[in-house]
Amino acid sequence: MAAFGSFALLIALLLAAYNFLAGATALRLIAVGKPSRYSPERMAESARRAGIAGFFAVCAAAFAMIWSVFHNDFSIEYIVEHSNIALPTPYKFAAMWSGQEGSLLLWVVLLSTYGLVLRLRHKTDVKLHAYAGTILAAIQVFFLLLVNIATQPFAGVRGGIVPADGNGLNPLLQYPEMVIHPPMLYLGYVGFAIPFAFALGALMMRYPGEKWIHITRRWTMLTWMFLTIGIFLGMHWAYAVLGWGGYWGWDPVEIASLMPWLTGTAFLHSVMMQEKRGMMKSWNVWLIFTTFMLTILGTLLTRAGLVSSVHAFAQSSIGPWFVWFLVLTMAVCLFTYILQRDHLKTEHRLESLVSRESSFLFNNVVLLAACFALLWGTLFPVLSEYVQGTKTTLSGAYYVHVAVPIGIFLLLLTGVGPLLAWRASSFRSLRKNFILPGIAFLVTAIVLTIVLANGGGSKPWEDEGVFYSLMTFSLSAAVATAIASEFLRGAGVIHRQTGKNFLSSMVLLVRRSTRRYGGYLVHFGLVVIFIGFAGYAFNRSVEMPMNVGDTLNIGPYSLKNLGNTQESNANYDTEFSLLQVSENGKKLLEEPMAPEKRVYASNGQPQTIVANHSMMRWDLYVVYEGRSTETGLPIIKAFLNPLVMWIWVGLGIVVFGTLIAQIPSIQPHRAAATVPAKAPSIPGAAPATSMARSGD
Amino acid sequence: MPTRNFLSRLAQSLLVVAIVAITLGATDPESRFNDLGHKMICQCSCSQVMLECNHVGCPVSPVMRSELSDGISRGMNDSLILQSFVQKYGAVVLAAPTTQGFDLLAWIMPFAVAFAGLLGTVLLVRHWAKQQPSLATQAARSGNPAQARFEDDMRERIRRETETE
């Protein structure tokens, strides 16, 4: 099977190379209009078909890898390193992306899948798809070169002696989220190659109008959604597995996933200005170029060993490959931009500092500033070592000081932007739109300050974290009020016009403009997530060695140790405590909590299994830390982490909002049909029906 | 004038109270221990903040904690304590860069870039806005406030009912 997998990858490389070369030649012939022996259209079509065939070749390689994992083929080095006979079935899948060779193979599979969809949908715009397909083929060639030459997933076992069993999967990765977190993250990373290919293709061919943005909008939003889910699954994994009570450690790999998310978010906002006003064309093109390059840079940072990371399993010597690919990509983007920049002349200019367009621009600047702060923080240790000879450490403390204020400012803009009108906002409309959110901000800030001042804990003026939390809560209240008032105002208009009840009016409002109200839902989800983040400042913990019958108290909870137990199976040995939880003397949970410490048989590595009882108010998070070296008693650490559940609920709202925004709005004639014509209330104003139009 | 003097004295008093409150908070040994313990990284290679290292049997963090307690009880100031840790463990012991020399750049650059970006955007938009008369003020300039209000309402209504993002 190893030979079959390697052969399939070689065929995939040849097909991608043909796709790229034939596609590029055909497009060149079409562009110059020179007569040729071969029809360029037929050549382009054969290139497209080669791209489709490449997908099947890559799938064959992926099948070979999965088959080898499930059949414990220890003649393949990758299987020896990342699997073993006792590994449970779901984790056999996870083994495919737990190491570098496998994760690059997954990258290739996802890229080919995206490419397949792109090539099958070529009739939307044959020429633009031909350009995008050819650029995508070039990217495929790079990744297929990697898995064929630099980091071969089907390489034979070292020394040639096939072992009886493998080393097993890294215990940290033996967790349900690990089965879906990397594919989701990669769907996000790889997906940005599609809008990148369309943007570069549209620029190369001087594509008229903004149709490429309409074509790629759904791609970009879906990709953004996958990246968001991937990042949050990673956070949940870190929270549930690493056992330190937090979900974000500012590790370079975490930061690497956040950077393209930030620029991708900026792109999603600024393309609206291009669609509506024909503005920011160069900016948008560079935003998507940057987003794609950041996905590559992130891979380079974490795999080349440039920065130290907990994801050390992914380090190797393939860094130079990524450096050259990045340099080449940058050169192509720059060259194309310089050559075609006159095509990107803006049709309109901003007319007022206080307008929706300006708010998008400010939002973009702040998102990019946040991205720069993260990149700067990630690269600074390398830079300081080069300049000073000593490596400066930048831990969470640095990022809290630098990135959190920028994040809070971004939260403010999330609320402000939708309240501003396009082109220009008058003082009167500003006052009208901002009064409620302003009141919500002030009331929340005052009430929380009083509560915190009298609560006996840290005060906002004493503790920076508490101050940031206070600001976040207050701004969240303001932004949520702004979003709610937008929904209520819109639904009120429809209610008055159609006589429908308020809920139906709300549904019709969303259906009329799914993109706008889906976007508001995403904003609301982010507000909920920020509230969850703000709870971090109030985390507390208690740790103690616990004999049977001992009780640990934290907040209103008492954890009584019912017993300490050990168990074994083929995969691991485990020891855990059974803790009965009471709240103010009353039994809280029917089943006792059972935090564990496992030691895996294949490699002797330990892993913490956290016991977590999640509530909207807080998480009761309990860790079995191991046995005390002095007393031999198990050490239990309990955390009360406020509002963590809000983060996961917020993610659900963000995903829901993104999916709503993907649904086409109801067509103008259907919208008009639901709204009976009424005499305008203002003399000279057009009837409402004449203004209703599709939101998409 | 008396009102001005009163306000000036009030502001001075508030400033003094704030400084005293901050200074009192900073000299409390427990909060100093907590504050300094979060400014250093445990050197057991776990890469966690010293007071948050959760490794059972970690050979390093208890030593570091007791060194920190000793330093505080001997009356050393924060700067001296951090310096003694840097001398023993190297600069990597600090959780964040210092605010001196090249390390200062780590703090300045993100805010400088954000500030420059925002300032540049403000100046650019103002420049563009000056090149064409503002829509919002066109009607007002015509000297008809009723017309201006009507257009404001109309614009708001159009935005509500037709605008998409």
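How far apart are the end C-alpha atoms of helix α15 (residues 427-454) of chain A, and what span should its 28 residues have? In this predicted model, the end C-alpha atoms of helix α15 of chain A are 39 Å apart. At 1.5 Å a residue, the helix should span 40 Å, so the two values agree.

Helix α15(A) has a bend of about 40° at Phe434(A). A proline, Pro437(A), follows within four residues of that position. Pro437(A) is also one of the buried residues of the helix. The others are Ser429(A) and Asn433(A), together with Ala440(A), Phe441(A) and Leu452(A). In an α-helix there are 3.6 residues a turn, so residues three or four places apart point the same way.

| Domain of chain A | Residues |
|---|---|
| Domain 1 | 1-157 + 168-174 |
| Domain 2 | 538-645 |

Taken over C-alpha atoms, the centres of domain 1 and domain 2 of chain A are separated by 45 Å. Contact between the two domains involves seven residues of domain 1 of chain A and nine residues of domain 2 of chain A. On the side of domain 1 of chain A that touches domain 2 of chain A, five residues are nonpolar, two are polar and none is charged.

Chain B contains seven helices and zero strands. From the N terminus on, its elements run α-α-α-α-α-α-α. Of the 165 residues in chain B, 18% are buried. Among contacts in chain B between residues at least 6 apart in sequence, 36% join residues at least 24 apart.

Key: Residues numbered from 1 in each chain as written. Chains lettered and ligands numbered in written order. Predicted model: local features only at pLDDT ≥ 70, side-chain atom pairs only at ≥ 80, totals over all residues. Helix = DSSP H or I, 4+ residues; strand = E, 2+ residues; numbered from the N terminus. Expected span 1.5 Å × (residues − 1). Bend = angle between axes of the 7 residues up to and from the residue. Buried ≥ 20, exposed ≤ 12 C-beta atoms within 10 Å, placed from the backbone. Domains from an automatic or database assignment. Nonpolar A, V, L, I, M, F, W, Y, C, P; charged D, E, K, R; others polar.
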